[in-house]
Amino acid sequence: MTQNAPISLRSDRILSVSYDATLLATRQMILETRGYAVVSALGFLSAADYCRTGACQLVILGHSIPAEDKEELARICRAHTSRPILSLELPGEARVDADYHASVFEPEQFLATVEGILKQSKQGKAAGGI
């Protein structure tokens with residue numbers, strides 16, 4: 001019997017946060033198809049707990065999160081890591097204090113956005129930033 005070799009994940013661990021379980025699962029599936037290690041947090045408390053660990057390369061705050069909660073989660077994350085924060089927003093939605101903002105919801109556009117942010121983050125880290 002032959003076993004398939006395990007899929008190697010990228011070293012990029014992404015924290016994905018949402019208040020909607022279906023959207024969270026879909027985002028996780030999309031990211032994992034590209035090999036990202038994803039930690040999904042449903043709701044404020046689990047997201048805040050994980051943010052406090054600082055153990056991710058990118059934080060994605062979904063559009064289902066109210067602006068006040070996004071602001072607070074961004075504040076908590078910034079207190080524990082300098083990693084970038086991507087806020088997914090509906091068109092016309094007020095912008096929160098995040099490093100990046102996007103209203104792209106097509107999987108390929110979303111993945112291109114994530115890949116661009118991580119690439120820029122790594123370049124900044126190599127140059128002594130982030």
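This is a predicted model: local features need pLDDT of at least 70, side-chain atom pairs count only at pLDDT 80 or more; totals for chains, interfaces and linings use all residues.

First, a term. Helices here are DSSP runs of H or I, at least four residues long, numbered from the N terminus. With that in hand, find Glu 71: this residue sits in helix 3.

Now the overall layout. The chain has four helices and five strands. Follow the sequence and the order reads β-α-β-α-β-α-β-β-α. The chain has 130 residues, and 38% of them count as buried. What about contacts along the sequence? Take those between residues at least 6 apart: 63% of them join residues at least 24 apart. The accessible surface is about 7,100 Å², and carbon and sulfur atoms own 53% of that.

Next, the inside. In soluble globular proteins, nonpolar side chains tend to be buried together. Which residues of the largest nonpolar core touch the most other members? They are Leu 15, Val 17, Val 59, Leu 61, Leu 73 and Ile 85, out of 19 residues in that core. Several elements give two or more residues to this core: strand 1 (13–18), strand 2 (37–42), helix 2 (44–51), strand 3 (58–61) and helix 3 (67–80). There is also a second, separate core of 15 residues. Ile 30, Val 38, Leu 58 and Phe 110 are among its members.

Zoom in on Val 59. Leaving out residues up to four places away in sequence, Val 59 touches Leu 15, Cys 77, Pro 84, Ile 85 and Leu 86.

Look at helix 2 now. Which of its residues are buried? Ala 47, Ala 48, Tyr 50 and Cys 51 are. These residues span an arc of only 165 degrees around the axis, so they sit on the same side of helix 2. And what covers them? The cover includes strand 1, strand 2 and helix 3.

On to a polar residue, Ser 87. Ser 87 lies in strand 4, residues 85–88. Buried or exposed? The cut-off for buried is under 20% relative accessible area. Ser 87 comes in at 0%, so Ser 87 counts as buried. The side chain of Ser 87 makes a polar contact of 3.1 Å with the side chain of Lys 70. Beyond four places in sequence, Ser 87 touches Leu 61, Lys 70, Val 96, Ala 98, Tyr 100, His 101 and Ala 102.

Back to Glu 71, as promised. At 33% relative accessibility, Glu 71 is partly exposed. Again leaving out residues up to four places away, Glu 71 touches Arg 95, Val 96 and Asp 97. Glu 71 and Arg 95 are 24 residues apart along the chain, and their C-alpha atoms are 9.4 Å apart. With Asp 97, the backbone takes part: its nitrogen lies 3.0 Å from a polar atom of the Glu 71 side chain.

Now charge. Side chains of opposite charge can pair when their charged atoms come close. How many salt bridges are there? The count is eight. I'll take three.

One is Glu 72 with Arg 75, at 2.4 Å, N to O. The two are three residues apart in helix 3, so about one helical turn separates them. Both are partly exposed: Glu 72 at 30%, Arg 75 at 48%.

Another is Arg 78 with Asp 97, at 3.6 Å, N to O. Arg 78 is in helix 3 and Asp 97 is in the loop between strand 4 and strand 5 (100–102), so this pair ties together parts 19 residues apart in sequence. Arg 78 is partly exposed at 32%, and Asp 97 is partly exposed at 44%. Elsewhere, salt bridges with shared partners join Arg 34, Glu 108 and Glu 115 into one network.

That brings up Arg 34 with Glu 108, at 2.7 Å, N to O. This pair links distant parts of the chain, 74 residues apart. Arg 34 is in the loop between helix 1 (21–33) and strand 2, while Glu 108 is in helix 4, residues 107–126. Arg 34 is partly exposed, at 27%. Glu 108 is exposed, at 52%.

That's the tour. Questions, please.

Methods: Residues are numbered from 1 along each chain as its sequence is written. Side-chain values use heavy atoms; hydrogens and water are left out. A nonpolar core is a set of buried Ala, Val, Leu, Ile, Met, Phe, Trp, Tyr and Cys residues joined through side-chain atoms within 4.5 Å. Buried means under 20% relative accessible area, exposed over 50%, partly exposed in between (1.4 Å probe, protein chains only). Contact means heavy atoms within 4.5 Å. A polar contact is a pair of N or O atoms within 3.5 Å; within protein, one must be able to donate a hydrogen and the other to accept it, and residues adjacent in sequence count only if both atoms are side-chain atoms. Accessible areas come from the Shrake-Rupley method with a 1.4 Å probe; for residues, only the protein chains shown count as cover. A salt bridge is a side-chain nitrogen of Lys or Arg within 4 Å of a carboxyl oxygen of Asp or Glu. The arc is that of the directions from the helix axis to the C-beta atoms.
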